Each structure stands twice: as C-alpha cells, then as structure tokens.
Amino acid sequence: MKTIRLMNKVIRNPNAFLRYVTFCLKQYAHYDLVEYASEDNTDKGVSGHDYIRVYDFFLREKRCKPLTFCEIGLSMQDSENAEHKDSTLWKDKIYETAPSLNMWRKYLPYAHLIGFDIRTFKKSNDPQVHIVQGDQSSREELQRIIDHRDSLDVIIDDGLHASRHQQITFAYLFAHLKSGGLFFIEDLGYQPEEFEEASIPRTVDLLKILQSIGKWNSPLATAEEKQIIEEQVASVYMYDSRKSPGPEFTDYIAVIVKK
Ligand SMILES: C[S@@+](CC[C@H](N)C(=O)[O-])C[C@H]1O[C@@H](n2cnc3c(N)ncnc32)[C@H](O)[C@@H]1O
C-alpha cells in the first residue's frame, strides 16, 4: 500500500520528488566526507578537529565542478618532525602518499588537485593531481603553485600553522583566488611556539579585525597585498570546533570568501 501511495505522489508531483532525492543525496554527501577523512588518516575528521562539517557546508554544491583546488600541508605522518627547524629529521625521506589529497580526490572527483608541502612527496600517477614542494613562508616558493595554475578556486592552509607562515601564504595567494573563491585557514588556535615572533600578531586576531572592520593589519603584507585583501574580501567566517583539551582552548578554522 505504502509503495502505491508513494508512486501516486511521485506521478502527481515529480518536481517535489526530485527535490527530495537531491536532498537525500546531499545528506549522503556529508557522511562520505566523514568516512574519507578517517579512511585516509587526516586530522580533519570527527576524531580530529572535526573541520569536515565546515568543508562539506562550503564545498558540497561545488563537488561536481572542475575546481582548481590547492592544499598546503599534506600529511600527519611525522608532521611533528616537519614542524621543527631540524630538517635532518625528514629532509632525505620521500613520502609515498599524500593522505589529504587522497581524501579530496574521492570527495571532489572532477577537481584538479595541487598539494604543496615542505617535504618531498612521490609524484602522483593521477594526471589531475600535482605536487609542489616548497616552504610556505617564502613568496618565491609559493609562486611555484602559481606557475602551475595561475588562478585557484579553493586554497586550504593546513601547513605549519605559525603566524608568519599563515600570513605570508594568505597575503600572497589570496590575489590568485578566483572571484567567489574560498580560502580556508586551519588550526588558528595552535601555533608552534618556536616559530612565533613577538612583533607578529596571531592570525586569528587579525582575521577577527578583518571580519569586523575590513582591515588587514598584518605587518608581513606588502601595500599591494593589503589593498587587494581589503578591497576583495567579501566575508570572513570563523568556526571553533573546541575539539582539543581545556575549556579555554580554541580550535578555529576560518573561511575567507573572495568577492
Ligand atoms: C598538520 S600536517 C597536514 C595534515 C593534512 N593536511 C591532513 O589533513 O591530514 C602539516 C603539514 O605541513 C607541512 N609543513 C610544515 N612546515 C611547512 C612549511 N614551512 N611549508 C609547507 N609545508 C609545511 C608538513 O610537512 C605537514 O605535511
């Protein structure tokens, strides 16, 4: 009986049925990113920072588009070593796989993926995955991304998380984001102490000012970068998953949308 009633409804209102199916598929889409995050051992999933809710919210509707997508910081493996100044711990190692890109490949099957990391990752066999090696605190090395693709739809900074590195990366790459593009900055609540400098404000505080009065006060931005950011940021969203220990701990991810 139930099936007959459902069939009748579908025949009478096919558009409503289509809307329903689309809705169901979108719900499913949320859960597949949860799975991929844990399958590929990234720290974005529910057992880590739980940032995938935010990614899914902003990216879900773009999943079938041929996005140009770049993530800075590719693997949790030995990442505590890569986050120390002693490069002998990882310099001669070649990493077989970039877990973050594996996750995005499944979630965004039509995107061109670019991964950027200070460590050496093996070249991918997938022609739509390109890995660039470099240090995100160097504009010259970030330029290697732009030499490969000069405009990007999505950029994620999940690299070292030091304030200097975050601010140089944002200032330099924001200009290369397409109109309507998204710039995500993860782990704004954690900065490795040995890289922090008294004269550089924390990125999370600068983003709060950008969000409220539209000013970018980073001492590391050139006059031209500052002007582009102040004129072309449409909105700044901040989410705090508070997944890490302690009531005072913040675990912000920011999403900056370009006009
Ligand atoms: C938190 S892990 C990335 C995790 C990965 N995105 C994920 O979701 O599983 C940080 C990464 O940043 C890279 N990294 C550290 N310092 C860097 C720098 N100065 N420039 C570029 N990448 C850096 C490390 O090698 C490491 O792969």
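Let's start at Ile253. Beyond its neighbours within four places in sequence, Ile253 is in contact with Tyr51, Val54, Phe184, Ile185, Glu186, Leu188 and Tyr239. Contact means C-beta atoms, placed from the backbone, within 7 Å.

A word on the source. This is a predicted model: local features need pLDDT of at least 70, side-chain atom pairs count only at pLDDT 80 or more, and totals for chains, interfaces and linings use all residues. Numbering runs from 1 along each chain as its sequence is written.

Now the core. The largest nonpolar core has 53 residues. Ile253 is among those with the most contacts inside it, as are Phe69, Cys70, Trp104, Ile155, Ala171, Phe183 and Ile253's other partners in that list. A nonpolar core here is a set of buried Ala, Val, Leu, Ile, Met, Phe, Trp, Tyr and Cys residues joined through C-beta atoms within 7 Å. Buried means 20 or more other C-beta atoms within 10 Å of the residue's own; exposed means 12 or fewer; partly exposed is in between. Helices (H or I, at least four residues) and strands (E, at least two) are DSSP runs, numbered from the N terminus.

Next, backbone angles. Asp50 is not a glycine, yet has a positive phi of about 60 degrees. Asp50 sits in the loop between α2 (14–39) and α3 (52–59). It counts as partly exposed because it has 19 C-beta neighbours inside 10 Å. His161 also has a positive phi, near 75 degrees. His161 lies in the loop between β6 (152–157) and α7. With 20 C-beta neighbours inside 10 Å, His161 counts as buried.

Notes
Two residues are in contact if their C-beta atoms, placed from the backbone, lie within 7 Å.
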